[in-house]
Amino acid sequence: MVINIGKAEDNDFVVDDPYVSRHHACLTNKCGEDQWLLEDLGSSNGTFVNGTQVIKKYVTQKDEIRLGNTYLLDLLEVLKSKNDYSKEFADLKQVYDKYIEAKVKIQSSNQFKIRIFQSLPFALPGIVGVIIGFLGKGSHELFAISLFIAICAPTIGIYLGAKQSAKVPQLLQDLANQFKIDYVCPKCGTFLGEIPWESLRKRKQCPVSSCKAKWVKE
């Protein structure tokens with residue numbers, strides 16, 4: 001991919017600055033990587049990288065690129081002139097992975113807590129029965145406690161289990177709402193659904209006809 005930069009309207013990226021030449025510089029990327037070759041095209045006021053004038057130099061988004069006396073070139077904005085949103089799209093992989101991880105965590109944690117709430121109370125009467133066996137069968141107080149636990153504990157367990165289950169839909173809904181905000185086309189903002197990032201990557205560009213943002217560098 002080659003991106004021509006300058007003041008003339010026939011450039012890929014047009015710069016309106018008095019110290020920028022009509023055809024000032026170009027950026028070339030042959031590998032589809034983050035590194036670009038910046039080349040000065042015989043400009044009048046020069047091309048500078050991190051304060052040093054250059055003729056040709058490989059640059060990344062971390063470098064400060066200056067055209068002429070004052071114009072600072074935003075490499076990310078230049079790439080967007082070619083509808084290139086590959087970097088922003090790559091960041092969506094982490095968004096999708098975190099969403100799936102959080103969703104599984106909510107569901108598995110909920111299942112574990114429900115089993116604890118509903119199973120443990122049924123075991124308590126048996127535990128109390130063992131204690132009574134050791135302390136003596138003639139203890140009316142312990143028998144009353146055992147009977148109370150046998151009746152109330154399962155009820156409490158079922159109630160707590162149901163209460164825990166009731167939390168899950170809201171937790172999942174909150175997670176989904178944030179996901180709908182974050183997992184969108186970096187250009188047009190269209191929600192990408194719960195389609196795995198790797199599947200979207202194979203499409204290479206946004207399916208919205210008015211957008212067609214490039215998600216993957218050729």
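Helices (H or I, at least four residues) and strands (E, at least two) are DSSP runs, numbered from the N terminus. What you have open is a predicted model, in which local features need pLDDT of at least 70 and side-chain atom pairs count only at pLDDT 80 or more, while totals for chains, interfaces and linings use all residues. Residues are numbered from 1 along each chain as its sequence is written, and side-chain values use heavy atoms, with hydrogens and water left out.

**Stop one: Asp-40.** Select strand β4 (residues 36–40) and pick out Asp-40 there. Asp-40 is buried but has no salt bridge, and the nearest side chain of opposite charge, Arg-66, is 11 Å away. Buried means under 20% relative accessible area, exposed over 50%, and partly exposed in between (1.4 Å probe, protein chains only). On charge, Lys and Arg count as positive and Asp and Glu as negative; His and the chain ends are not counted. A salt bridge is a side-chain nitrogen of Lys or Arg within 4 Å of a carboxyl oxygen of Asp or Glu.

So what does Asp-40 touch? Show the side chains of Ser-43, joined to that of Asp-40 by a polar contact of 2.6 Å, and Thr-47, joined to it by one of 2.5 Å. From Thr-47, hop across to Leu-67 in β8, which stands opposite. Strands β5 (residues 47–49) and β8 (residues 65–67) run antiparallel and are joined by 3 bridges; two strands pair if DSSP finds at least two bridges between them. Zoom out to an open sheet of 4 strands, antiparallel, in the order β6-β5-β8-β9. At the edges, β6 (52–54) and β9 (71–73) each pair on one side only.

**Stop three: the cysteines.** Select Cys-185 and Cys-188. Their sulfurs are 3.7 Å apart, too far for a bond, given that a disulfide is a pair of cysteine sulfur atoms within 2.5 Å. Cys-211 is in no disulfide either, with the sulfur of Cys-188 the nearest at 3.7 Å. Cys-185 is buried at 1% relative accessibility, and Cys-211 is buried at 6%.

**Stop four: salt bridges.** The structure holds 5 of them. In Lys-93 and Asp-97, the closest N and O atoms are 3.0 Å apart; the two sit 4 residues apart in helix α2, about one helical turn. Finish with Glu-194 and Lys-103, at 3.4 Å. This pair links distant parts of the chain, 91 residues apart: Glu-194 is in the loop between α3 (140–182) and α4 (197–203), and Lys-103 is in helix α2.

Note on methods. Polar contact = N/O pair within 3.5 Å; in protein donor to acceptor, adjacent residues only side chain to side chain.
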